[in-house]
Amino acid sequence: MRKRQVVLKREESSTTTSSFTVRTVRYAECQKNHAAGVGGYAVDGCREFMATGEEGTDAALICAACGCHRSFHRREVETEVVNGNTSPRSSMS
């Protein structure tokens, strides 16, 4: 799964340093209720969203593991303020 990083806000100060906020969005386990039609509750056990296709395509919104749309997966947002003199930490996934 590829994590997305979005720069939300850039603040320039009067000194030579600047900072910006990096937001990392990750989609976790699937929460789709597959038994809603019969009045029950059952999830499929998909632990993490894995895109079927490349970012920017329609297939990027479908999970390769369970076949559900990305919106059924629990969304986790991590926000980090980064000083302009350092680069944001990168993780290989």
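Arg 26 is partly exposed, with a relative accessible area of 24%; here buried means under 20%, exposed over 50% and partly exposed in between, worked out with a 1.4 Å probe on protein chains only. This is a predicted model, so local features need pLDDT of at least 70 and side-chain atom pairs count only at pLDDT 80 or more, while totals for chains, interfaces and linings use all residues. Residues are numbered from 1 along each chain as its sequence is written, and side-chain values use heavy atoms, with hydrogens and water left out.

How many salt bridges does a search of the whole structure find? The search turns up four, a salt bridge being a side-chain nitrogen of Lys or Arg within 4 Å of a carboxyl oxygen of Asp or Glu. Arg 26 pairs with Glu 48, where the closest N and O atoms are 3.8 Å apart. That pair links distant parts of the chain: Arg 26 is in strand 2, Glu 48 is in the loop between strand 2 and strand 3, and 22 residues separate them. Glu 48 counts as partly exposed, at 30% relative accessibility.

Arg 26 also makes a salt bridge with Glu 76, and here the closest N and O atoms are 2.5 Å apart. Since Arg 26 lies in strand 2 and Glu 76 in strand 3, this pair ties together parts that are 50 residues apart in sequence. Glu 76 in turn bridges to Arg 74, with 2.9 Å between the closest N and O atoms. Glu 76 is partly exposed at 27% relative accessibility, and Arg 74 is partly exposed at 31%. Through shared partners, salt bridges join Arg 26, Glu 29, Glu 48, Arg 74 and Glu 76 into one network.

## The overall layout

Zooming out, the protein chain has zero helices and three strands, running β-β-β from the N terminus on. These elements are DSSP runs numbered from the N terminus: helices are H or I with at least four residues, strands are E with at least two.

The protein chain has 93 residues, and 19% of them count as buried. It exposes about 6,600 Å², with carbon and sulfur atoms supplying 49% of that; the areas come from the Shrake-Rupley method with a 1.4 Å probe, and for residues only the protein chains shown count as cover. Among contacts (heavy atoms within 4.5 Å) between residues at least 6 apart in sequence, 44% join residues at least 24 apart.

## Rings

Tyr 27 sits in strand 2 (residues 18-30) and Phe 49 in the loop between strand 2 and strand 3 (73-83), 22 residues apart. Tyr 27 is buried at 11% relative accessible area, and Phe 49 is buried at 4%.

There's a charge on a ring, too: Lys 32 lies over the face of Phe 72, 5.1 Å from the ring centre. To count, NZ of Lys or CZ of Arg must be within 6 Å of the ring centre and within 35 degrees of the ring normal.

## Cysteines and His 73

Cys 63 is buried, with a relative accessible area of 2%, whereas Cys 66 is partly exposed at 21%.

His 73 is placed in strand 3 and is buried, at 4% relative accessible area. Leaving aside neighbours within four places in sequence, His 73 contacts residues including Tyr 27, Phe 49, Cys 30, Cys 46, Cys 63, Cys 66 and Cys 68.

## Ala 51 in the loop

Ala 51 lies in the loop between strand 2 and strand 3 and is partly exposed, with a relative accessible area of 36%. Not counting residues up to four places away, Ala 51 touches Ala 59, Ala 60, Ile 62 and Ala 64. The C-alpha atoms of Ala 51 and Arg 70 are separated by 8.2 Å, and the two residues are 19 apart along the chain.
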